[in-house]
Amino acid sequence: MIEYIMGQAAVAVFAITGVLGAVRKDRDILGLAVLGVITAIGGGTIRDTILNVTVFWVQDFKYIIVALTASVLIFFLLKISRINQARYRMLLYFDALGVAYFCIQAFEKTINLGYKFPVALAMAMITGMGGGVMRDVLTGRPNLLITKELYASPALLGIILYGVLRFFIPDSPLPAFTAISFIFVFRSLAIFFNLQMPSLLVNKRDHDS
Amino acid sequence: MIEYIMGQAAVAVFAITGVLGAVRKDRDILGLAVLGVITAIGGGTIRDTILNVTVFWVQDFKYIIVALTASVLIFFLLKISRINQARYRMLLYFDALGVAYFCIQAFEKTINLGYKFPVALAMAMITGMGGGVMRDVLTGRPNLLITKELYASPALLGIILYGVLRFFIPDSPLPAFTAISFIFVFRSLAIFFNLQMPSLLVNKRDHDS
Amino acid sequence: MIEYIMGQAAVAVFAITGVLGAVRKDRDILGLAVLGVITAIGGGTIRDTILNVTVFWVQDFKYIIVALTASVLIFFLLKISRINQARYRMLLYFDALGVAYFCIQAFEKTINLGYKFPVALAMAMITGMGGGVMRDVLTGRPNLLITKELYASPALLGIILYGVLRFFIPDSPLPAFTAISFIFVFRSLAIFFNLQMPSLLVNKRDHDS
């Protein structure tokens, strides 16, 4: 039950990043809501299509309702508030929260379908980052994978952490809470302090051609 | 039968928008034709993949032939004619026609597969707008969802209108003709008069950062 | 067996183009590796999803391992070497090699699933060009279909050549080797000599609006 509520919350959070990424002057509520919904359900839709199971929101349409509602609420909040300056940072933190939850939930879903660790890891990455990458492509921004953001690493490490913890502590909510917190806190620190990988693992030359 | 012909016509119309969106100096016929085909079949392909039914053009390859033929014809028409100035407006009107037909046809297909109204509504939106959004992404334009265009609204209202009409007037072509005309005329008026939503539903601040 | 090894080699080659296309200053190894993997498996994933068969890398995860390894190796090679100037040309030639192999392999896979020539041709195009188009979209470049590159034509002619050859010379590796070489050499010549289609099949006007 708490898992279901958290899933809906993650969908709402991702929908909000879609609207935050797309809102500009004279944009109307419906175009933005469609963007919000695509961002919220994009990653999970690719996952379910690849795994050849019924797509989650076709089975339970409440996910779309939640994504739409969140998109509409943030639209009006942006209309009446003055959070323009902080908008992109808000997007990044909300995105971090959504990524953290979606990664772990997709890993668990894939394992429960009988797949092994590597496939579950791949599905976790696809689900966690798919919607955000689609949002960035559709709103005309460089996606977070190719910016200087430390984006894939917190997710990857957190999923591996989860895989190890759930092996040693099965049937407990502890691994999930630990891994979700790990991904969100690690990514938030990266945003806040503008963290980078050790220089061995970063390209230092200018390849911009 | 008339339904089948209209389906092929909508595919042709969408293929034309793909070529209109991508044609530039020194572009060759085959690259443009591939763009045309992707635009024409993109939305329906996503729909069928999500619904887990055989993709429509795998079942009936004539859709691809029609899309290819339309792409090639518009290519030569653009070569010999002087419609450059009006090209983007042509794209918008053709797109409106394709969206109108694809929305209603996808709604009907999804209902006939046994799904309820909300899923059919989502599939109608995906089918109607998927190909056009892919065209805009692949040709490097801001997609119509995030421009000032009133794009999602005519489609959404038209689909709801269709859902209501077909409930009260089943087994009649009237609901489909009414809804397709509604979407096309509403969207055309939006293009021609540069219509916008009521200001309550539009973001008036400058969020461009 | 040789077919399997060549399949893995093509995946590696495409992964390398993903990293070559995305690498910039301060980009970290994991973000680039994710891009490399998406480029390597993107086309085949769309193909298998449309054909409704188990996605190839879900069945055999070694494809992902190979793509990851190739991405990591090219990352370090770029760090220590001075091939910046030639980077984009390298990308084009590697891409040509990957396209050549993927087209023929996808054609064969689709035919073996019982589909006819036109569907196999479409799947060959999707598999051969899907990953590269995704790479270009995700790295913010105009994709090769809409640039002046002669991109779709070598692939299309090579696939048709393969279809004809395998009809007359079944159960022989000759058609595959001939067609793969044809696509790669034709495309390489197009890159090297900046070849264009006959002017009848090229748009000579300036449609850039």
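**Exercise 1. Which rotation, and what shift along its axis, superposes chain B on chain A?**

Solution. The model is a predicted one.

Step 1. Chain B is superposed on chain A by a rotation of 120°, with 0.0 Å of shift along the axis, and the RMSD is 0.0 Å.

Step 2. Find the part of chain B that lies closest to this rotation axis. The residue is B:T49, whose C-alpha is at 4.0 Å.

Step 3. Consider the surfaces used. Only 7% of the interface residues of chain B are interface residues in chain A as well, so the copies meet through different surfaces.

**Exercise 2. Determine the relation between chain B and chain C.**

Solution. Step 1. Recall the general principle: a rotation about an axis and a shift along it relate two copies of a chain.

Step 4. The C-alpha of chain B nearest the axis belongs to B:T49, at 4.0 Å. Here too the copies use different surfaces, as 7% of the contact residues of chain B recur in chain C.

**Exercise 3. Describe the side of chain B that touches chain A.**

Solution. Step 1. Begin with the extent: 29 residues of chain B contact 27 residues of chain A.

Step 1. Assign these residues of chain B to elements. At least two residues each are supplied by α2 (29-51), α6 (117-138) and α7 (152-168) of chain B. The largest share is that of α6(B), with six residues.

Step 2. Sort this side of chain B by class: 17 residues are nonpolar, seven are polar and five are charged.

**Exercise 4. Describe the side of chain B that touches chain C.**

Solution. Step 1. In this interface, 27 residues of chain B are in contact with 29 residues of chain C.

Step 1. Two or more residues come from each of α2, α4 (62-80), α5 (87-112) and α6 of chain B. The largest share, seven residues, is given by α2(B).

Step 2. The classes on this side of chain B are 14 nonpolar, six polar and seven charged residues.

**Exercise 5. How many helices and strands does chain A have, and what radius of gyration?**

Solution. Step 1. Chain A has eight helices and zero strands. Its elements, read from the N terminus, run α-α-α-α-α-α-α-α.

Step 1. A compact globule of 209 residues would have a radius of gyration near 17 Å; the value for chain A is 17 Å, which agrees.

Step 2. The C-alpha trace of chain A spans about 50 × 50 × 30 Å along its principal axes.

Conventions:
Residues are numbered from 1 along each chain as its sequence is written. Chains are lettered from A and ligands numbered from 1 in the order in which they are written. This is a predicted model: local features need pLDDT of at least 70, side-chain atom pairs count only at pLDDT 80 or more; totals for chains, interfaces and linings use all residues. Two residues are in contact if their C-beta atoms, placed from the backbone, lie within 7 Å. Helices (H or I, at least four residues) and strands (E, at least two) are DSSP runs, numbered from the N terminus. Ala, Val, Leu, Ile, Met, Phe, Trp, Tyr, Cys and Pro count as nonpolar, Asp, Glu, Lys and Arg as charged, and the others, Gly among them, as polar. Copies are superposed by least squares on the C-alpha atoms of residues with pLDDT of at least 70 in both. The radius of gyration is taken over C-alpha atoms; the globule rule is 2.2 Å times the number of residues to the power 0.38.
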